[in-house]
Amino acid sequence: MGRPITRIQSPLKPLRVATDGSIWLRSSQVSLAAAATRGRDDEAGRAGGDYSGSSRSRGMAAKAISSPVPVEWYPTLAVLMVSVGLMFTASFFIYEATSSRRSRSLAKEIATAAVASVFLGFGSLFVLLASGVYV
């Protein structure tokens, strides 16, 4: 019953589909088989391949994806990061307007623009998250 009937070759890892509809990855630690949760790992291993698969029911429970930052901090981080980004943007424009062409430094311009870009990027992300648009 666990004998493979179809062999699918993918560029990354070869797959096997068994007669019961389970799919096995060769040399991986996790089998994609629904049958693996019923304890058919050994049967597929005897059927012609070294499938060292472990099932999800043996200790790998699914975890919910959660934010590393508490949701309550989104508005505060949005205001803070957009403000800092706008300050760096303003200092970049002031530097460009007040310095002569000969006294400008490309490294200072790139550094200021990069810092402003990072803060405005994360600030806009937190503005979207605070307003309920989950990206």
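Helices here are DSSP runs of H or I with at least four residues, strands are runs of E with at least two, and both are numbered from the N terminus. For a helix, the expected span is 1.5 Å times one less than its number of residues. The model is predicted, so to speak of local features takes a pLDDT of at least 70 and side-chain atom pairs count only at pLDDT 80 or more, while totals for chains, interfaces and linings use all residues. Residues are numbered from 1 along each chain as its sequence is written, and side-chain values use heavy atoms, with hydrogens and water left out.

On the overall layout, the protein chain carries three helices and three strands, running β-β-β-α-α-α from the N terminus on. Of its 135 residues, 25% come out as buried (under 20% relative accessible area; exposed is over 50% and partly exposed is in between, with a 1.4 Å probe and protein chains only).

Next comes helix α2. With 25 residues, α2 reaches 36 Å from its first C-alpha to its last, close to the 36 Å expected at 1.5 Å a residue. Its buried residues are Tyr74, Leu77, Ala78, Met81, Gly85, Thr89, Tyr95 and Glu96, and the buried residues of α2 pack against α3 (106-130).

The UniProt record (an unreviewed entry) puts "transmembrane region" at residues 77-98 and 110-134; its positions are given in the numbering used here, feature names are shortened, and annotations may be inferred rather than shown by experiment. In the model, residues 77-98 are 100% helix and 0% strand, with end C-alpha atoms 31 Å apart. Residues 110-134 are 84% helix and 0% strand, and their end C-alpha atoms also lie 31 Å apart.

As for charges, side chains of opposite charge can pair when their charged atoms come close. The count is one salt bridge (a side-chain nitrogen of Lys or Arg within 4 Å of a carboxyl oxygen of Asp or Glu). Arg104 and Glu96 form a salt bridge through their side chains at 3.5 Å, N to O. Glu96 sits in helix α2 (residues 74-98) and counts as buried because its relative accessibility is 18%. Arg104, at 31%, is partly exposed. Neighbours within four places in sequence aside, Glu96 is in contact with Arg104 and Glu109.

How values were computed
Contact = heavy atoms within 4.5 Å.
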